[in-house]
Amino acid sequence: MDHSRHDLPDDAPRPAPAQPPRAAAEPEHAMSTGRWVWEWTKAISTAILLFLAVRTFAVEAFKIPTGSMEGTLLIGDFLLVNKAVYGAEIPLTDRRLPAFANPTRGDVVVFLPPHDPHKNYVKRIVGMPGDTLEMRHKVLYRNGQPQDEPFARHTDPLGDPADPRMEWQLEFLADRGQTYRTYRPSRDNWGPLWVPPGKFFALGDNRDRSEDSRYWGFLDATSIKGRPMFVYYSFQDDIAEQFDWLTGVRWARIGEVIR
């Protein structure tokens, strides 16, 4: 009998078999590439949606391309336009959000004109529904009273020929006895006109260099997009300067409130 080995009883505990070494646990903060891409996609998508929502319903940037409002606004001014104040338009519908105010005389507004409904214009409202307007020798009369307009600018003291684009006014003349033969409206002399319901009359502050309601007609209330708040950037374009966007900055105009 071999006494060097001792058989264990059947019910005796036996040592557990050796286990292969475990890999170190993955840190909780580790993130897979796919999840990282997904998180960034969500963040960027949210930012884009917020930007579009703000641009559609609250504030939109606008650049002044012409001198029609010169004296108040300059070519190269960049404005922030409050779209919520008159009730922002809901895309793909003919409805608007509730307005905080209604357009009124003296408001500078951004709108789509009836003759070019895909291009933004900026002018000042001078006539409301029910007003009677006329101009005599560059002076605006409303309801028979001459208006004090410190913002208006006149730069052309020379001729004032009749303009055929203004013949649309004949239909809205207060004097219904006028005809195409007797009514000869011009830039500085026209009217008196009656402003119909739901319409506004808008003029540029630079009266001698503005294409406005005198030529293309009344402004519809539904075409008004908003009211400029202030100038957030302004520069004077100079093609001779390579970095005119920097050297031509009008620092004094930045932050200028539009009135």
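Okay, let's start with the second largest pocket: strand β4, residues 121-127, gives the largest share of its lining, 3 residues. By pocket I mean an open set of points on a 1 Å grid over the protein atoms alone, where a 1.4 Å probe fits and protein lies on both sides within 12 Å along at least five of seven lines; a lining residue has an atom within 4 Å of a point. Strands here are DSSP runs of E with at least two residues, helices are runs of H or I with at least four, and both are numbered from the N terminus.

Some housekeeping before I go on. This is a predicted model, so you know: local features need pLDDT of at least 70, side-chain atom pairs count only at pLDDT 80 or more, and totals for chains, interfaces and linings use all residues. Residues are numbered from 1 along each chain as its sequence is written, and side-chain values use heavy atoms, with hydrogens and water left out.

Back to the pocket. About 190 Å³ of space sits in there, where volume is the space filled by probe spheres set on the grid points, joined across faces, edges and corners. Among the residues lining this pocket are Phe62, Ile64, Pro65, Lys119, Tyr121 and Glu211. By type, the lining splits into 5 nonpolar, 3 polar and 3 charged residues.

Zooming out, the protein chain has 3 helices and 11 strands. In sequence order that reads α-β-β-β-β-β-β-β-β-β-α-β-β-α. There are 259 residues, and 35% of them count as buried; that is under 20% relative accessible area with a 1.4 Å probe and protein chains only, with exposed over 50% and partly exposed in between.

Now, how many salt bridges turn up in the whole structure? The search finds 18, each one a side-chain nitrogen of Lys or Arg within 4 Å of a carboxyl oxygen of Asp or Glu. Take Asp77 and Arg250, whose side chains meet at 3.7 Å, N to O.

Next, Asp208 pairs with Lys138, closest N and O atoms 3.0 Å apart. Asp208 lies in the loop between β9 and α2, and Lys138 in the loop between β5 and β6, so this one ties together parts that are 70 residues apart in sequence. Asp208 is buried at 7% relative accessibility. Arg207 forms a salt bridge too, with Glu149, at 2.9 Å between the closest N and O atoms. Arg207 has a relative accessible area of 1%, and Glu149 comes in at 15%. Salt bridges with shared partners also join Lys138, Asp156, Arg187, Asp188, Asp208 and Arg209 into one network.

Asn143 sits in the loop between β6 and β7 and is partly exposed at 45%. And the Gly191 to Pro192 peptide bond is cis, omega near 5 degrees, with Pro192 in strand β8.

Terms used
Nonpolar A, V, L, I, M, F, W, Y, C, P; charged D, E, K, R; others polar.
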